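Please keep the sequence and the model in view while reading.

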Amino acid sequence: MRPSPRHYVLKLYVAGETPTSNRALQRLHHILEQKVQGVYSLKVIDVLKNPKLAEEDKILATPTLTKEFPSPVLKFVGDLSNPENFLISLSIW
């Protein structure tokens with residue numbers, strides 16, 4: 001089943017279960033629930049466990065958040081502490 005146009009498919013690439021990775025994931029969940037209100041799916045990918053996937057998706061740094069759907073695919077690299085930065089960069093908000 002294909003997601004509806006208002007449903008966002010996101011991937012968060014992290015490097016291991018570090019405090020930085022955990023903080024990025026917690027912030028992201030909190031912000032998405034506030035701003036996008038449940039119309040998203042999120043897959044977390046550990047680049048240390050899945051280096052091939054990171055290579056295929058051309059991920060060079062972590063944390064990296066990608067919006068896979070709706071098109072176009074967009075990437076945001078770095079600190080997720082400012083929601084406006086990444087939500088606007090990914091055309092979510």
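Two residues are said to be in contact when heavy atoms of the one lie within 4.5 Å of heavy atoms of the other. The model shown here is predicted.

Strand E1, residues 8-14, and strand E2, residues 40-46, run parallel and are joined by seven bridges. Within this pairing, Lys 11 is the residue that stands opposite Lys 43 of E2.

What the side chain of Asp 46 does reach is backbone nitrogen. A polar atom of the Asp 46 side chain lies 2.9 Å from the backbone nitrogen of Gly 16, and the side chain of Asp 46 reaches the backbone nitrogen of Leu 48 at 2.8 Å. When residues up to four places away in sequence are left out, Asp 46 touches Val 14, Ala 15, Gly 16 and Glu 17. Of these contacts, Val 14 belongs to the residue range of E1, which is 8-14.

Where is Pro 63 found? Pro 63 is in the loop between helix H2, residues 51-56, and strand E3, residues 64-69. The peptide bond that joins Thr 62 to Pro 63 is cis, with omega at about -5°. A cis peptide bond also joins Ser 71 and Pro 72, where omega is about 0°. Pro 72 is in the loop between E3 and strand E4, residues 74-77.

The loop between H2 and E3 holds Lys 58 as well. Although Lys 58 is not a glycine, its phi is positive, at about 60°. Lys 58 is exposed, with a relative accessible area of 63%. Ser 91 lies in the segment after helix H3, residues 83-89. Its phi is near 55°, again a positive value in a residue other than glycine. Ser 91 is partly exposed, and its relative accessible area is 48%.

Note on methods:
Residues are numbered from 1 along each chain as its sequence is written. This is a predicted model: local features need pLDDT of at least 70, side-chain atom pairs count only at pLDDT 80 or more; totals for chains, interfaces and linings use all residues. Side-chain values use heavy atoms; hydrogens and water are left out. Two strands pair if DSSP finds at least two bridges between them. Helices (H or I, at least four residues) and strands (E, at least two) are DSSP runs, numbered from the N terminus. Buried means under 20% relative accessible area, exposed over 50%, partly exposed in between (1.4 Å probe, protein chains only). A polar contact is a pair of N or O atoms within 3.5 Å; within protein, one must be able to donate a hydrogen and the other to accept it, and residues adjacent in sequence count only if both atoms are side-chain atoms.
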